[in-house]
Amino acid sequence: MDAGNGEDRDSHSGSSDELLRNPIAPRGMGSVGEEAASNIVGGGSGTGPLGSGSTATPTGSTPAAANSGLSGSKRSRRYSWVWNHFSIVSDFKDANGINIGARAVCHYCDKNYKCLSNNGVGPHGRHLRKKHADKIGDASDGSNFVYSKEKMRHGLALYVAAAEQPFTFGDDIRFEYFVKNCLNPSFAKVSRNSTRSDTKKAHSKVKKDLISELASLGAISFTSDMWSGINNRGYICVTAHYIDSSWSLQKKIIAFRLVEFPHDSEQIFESIMGVFRDFEVVDKVYSITFDNHSANSATLPLFIRNLTTPYFGELLHLRCVCHVINLVVQDGLKHIAPQIKKIRDAVLFIATSPSRQQEFDKLCTSFYNLKPKNMNSDVQNRWNSTYIMLKSCRKYSAAIFFFVNQRYRPCHGTHLSPADWEIGFEFMKFLKVFYVATVACSGVRYPTSCIVLHHLFNISLNFRRHREHPNFAHACIDMEIKFRKYYEEMPPTFMLAAVMDPRMKLQGVSLLLREIGANLGISTLPSSDNVKDLLTAMYAKYETKFRSNAAFTATPLTSSTSANDEFWDFVSSNLGTGSSTVTSRIELEKYLDLESVNTNDRRDLDVLAWWKKNEDKYPVLSIMARDLLTPPVSTVASESAFSAGKRVLDERRSRLAPDILDCLICLKDWEDARLGIQKRSAKDEFRGYFADSDIDSD
């Protein structure tokens, strides 16, 4: 191809091998390279052949003619990736100060090369790879970008799933226009059916990688919950929780599947077991966290009979702490239902009329020096929304009281009174400890099994302080009865996991159990000796299972000079077991007796980071700690998937096939995990509902 056709030779010249080693961006994708190519040092801005407005050599012209400043009919465009690392100097002077014309100068050194369009860029690329490999090794800047339709379709499928977009997203003519004109002219729109097929392929590929990752793990904990969609069909969500090799707690939704009627214990069991078999984790199940539904509880004997749990199966079942707290608080809210109803009705009176909302806003700004706010009522049967509604009304209670009582005449002459606000706000303060516990225990990216005792202690202390309050006496009685029903027999996981928190250990756990028992009058909680016996027995099983593996990772007993010495073989065979026994015996005792955490670090200590740092010091105990810190104490991780389910399985897509819904929900969660945008804690969903309220201040 000659220069007269206006093509830029430096993007096409060189041998075929050279081209393979130098990926070329497609036409239309050279904006970065064009900017670099137009970066002229000391040159003109459109008159020179290689300047910002340079032109290719006209047909029949020589390179000399091109250098002389002759203009062609078309501009020369430089597409090669090397122009991201070279700039063109129009009047380059050599070492002797002689002007040798336009040259391409490396950004990182003084090396320069010819830059005429018929010279090619082979030397430029070889120089960069040889001298500046560290500068060009990362292709994330697009310098080595090569458009791939297959890769585009895979990425589009992941985006459609993760962003909860319809399958028609890639088929939209406006989207096609945007991509072709602003990103890549090679793009061709993707049909709805193609995107649907690509989503299933992407799910299969990522699922295969996840199965491989799960196969490398020891213990895995699970949460599961049921959900009914807009199509009145039941779905079960199964979420896997595990601590990876870098001591990071991971959460992955592994199934969102249709469950056939009836939704009894046998059907739930078969559905979950099908997921376990599908992901090849039947022999890795450490614990399963359910809510308080009777059908879930009835599955436990089935799991115990059919699962060969890897770590003794003694801690298989956990009851969702957040559901227990909900039951406890609901029993208390019944006692102030009249006051809550008056406040709720007042808020609804304002919120349900645009004209009243507008008048209320004017009242706030004119007489109370408050910013206008949209009033939002709570959602009945969701106690946390009632708590946040009360918090959102604190600064506006006087304005609400005045506005509503001036305009609203409820039946039977019942007005909102200052006493109603007083009782409501007092109970709001009483509920704060329950709300804090719910938010903390619903975390998904940090250990929660080790913090339950902490929050149960705070709740017990709250009962002790308020049970004599005239407005709370009856409420506290009912709430304490429900609380004791679930925690008179403390789940072993909560105690053992708390011991694995270096801020607590055995002494701290014993102290908490004693205080919780004293605050609530519970005499059946384990003593310090009971917890230690349980801990020692659990550790002994881990020692039996893992001590030999830990020994192999220790420093070899023999040296290079005694490899063939029978004495060392004799010592190893006869004293090796005894030595490791002593080491293992003192491993647990050393942790309990010697390790301590600075008082200033107690509040913000990262428990997993501490164990990662001390893993080599406690080879067996760290395995036990990893397993005990993994189980989530709430099913919020599974329940959060239902919010996505509502958005995906909406009125327009109510006939979405179950296998496609499973693909979409799982892919979204996996992509969010890969990008690091999974929520660290499942913050209350109603916080957005009350977003304009001052709900975070005390």
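Colleague: In what order do the strands of the open sheet of three strands lie?

Modeller: Please bear in mind that this is a predicted model. The edge strands are strand 1 (86–89) and strand 3 (112–113), each of which pairs on one side only. The pairing in this open sheet is antiparallel, and the order of its strands is 1-2-3.

Colleague: Which residue in strand 2 is the bridge partner of Val-89?

Modeller: Strand 1 pairs with strand 2 (residues 103–106) in the antiparallel sense, over four bridges. Within strand 2, the bridge partner of Val-89 is Arg-103.

Colleague: What share of the residues of the protein counts as buried?

Modeller: The protein has 28 helices and eight strands. Buried here means a relative accessible area under 20%. Of the 698 residues, the share that counts as buried is 49%.

Colleague: How many aromatic pairs does the structure hold?

Modeller: A pair of aromatic rings is described by the distance of the centres and the angle of the planes. Rings count as a pair if their centres lie within 6.5 Å. The number of aromatic pairs in the structure is 32.

Colleague: Is the pair of Phe-463 and Phe-483 stacked or edge-to-face?

Modeller: The ring centres of Phe-463 and Phe-483 are 5.9 Å apart, and their planes stand at 75°. Planes over 60 degrees apart count as edge-to-face. The pair of Phe-463 and Phe-483 is therefore edge-to-face.

Colleague: How far apart in sequence are the parts that Phe-463 and Phe-483 tie together?

Modeller: Phe-463 is buried, with a relative accessible area of 0%, and Phe-483 is buried at 3%. Phe-463 belongs to helix 18 (residues 452–466), whereas Phe-483 belongs to helix 19 (residues 473–487). The pair therefore ties together parts whose separation in sequence is 20 residues.

Colleague: What is the angle between the ring planes of Trp-611 and Tyr-618?

Modeller: Both Trp-611 and Tyr-618 are buried. Their ring centres lie 6.0 Å apart, and the pair is edge-to-face because the planes are at 65°.

Colleague: Over the ring of which residue does the charged end of Lys-373 sit?

Modeller: A charge sits over a ring only if, among other conditions, it is within 6 Å of the ring centre. The charged end of Lys-373 is 5.3 Å from the centre of the ring in question, that of Tyr-396.

Note on methods:
Residues are numbered from 1 along each chain as its sequence is written. This is a predicted model: local features need pLDDT of at least 70, side-chain atom pairs count only at pLDDT 80 or more; totals for chains, interfaces and linings use all residues. Side-chain values use heavy atoms; hydrogens and water are left out. Rings of Phe, Tyr and Trp (its six-membered ring) pair if their centres lie within 6.5 Å; planes under 30 degrees apart count as stacked, over 60 as edge-to-face and the rest as tilted. Helices (H or I, at least four residues) and strands (E, at least two) are DSSP runs, numbered from the N terminus. Buried means under 20% relative accessible area, exposed over 50%, partly exposed in between (1.4 Å probe, protein chains only). A charge sits over a ring if NZ of Lys or CZ of Arg is within 6 Å of the ring centre and within 35 degrees of the ring normal. Two strands pair if DSSP finds at least two bridges between them.
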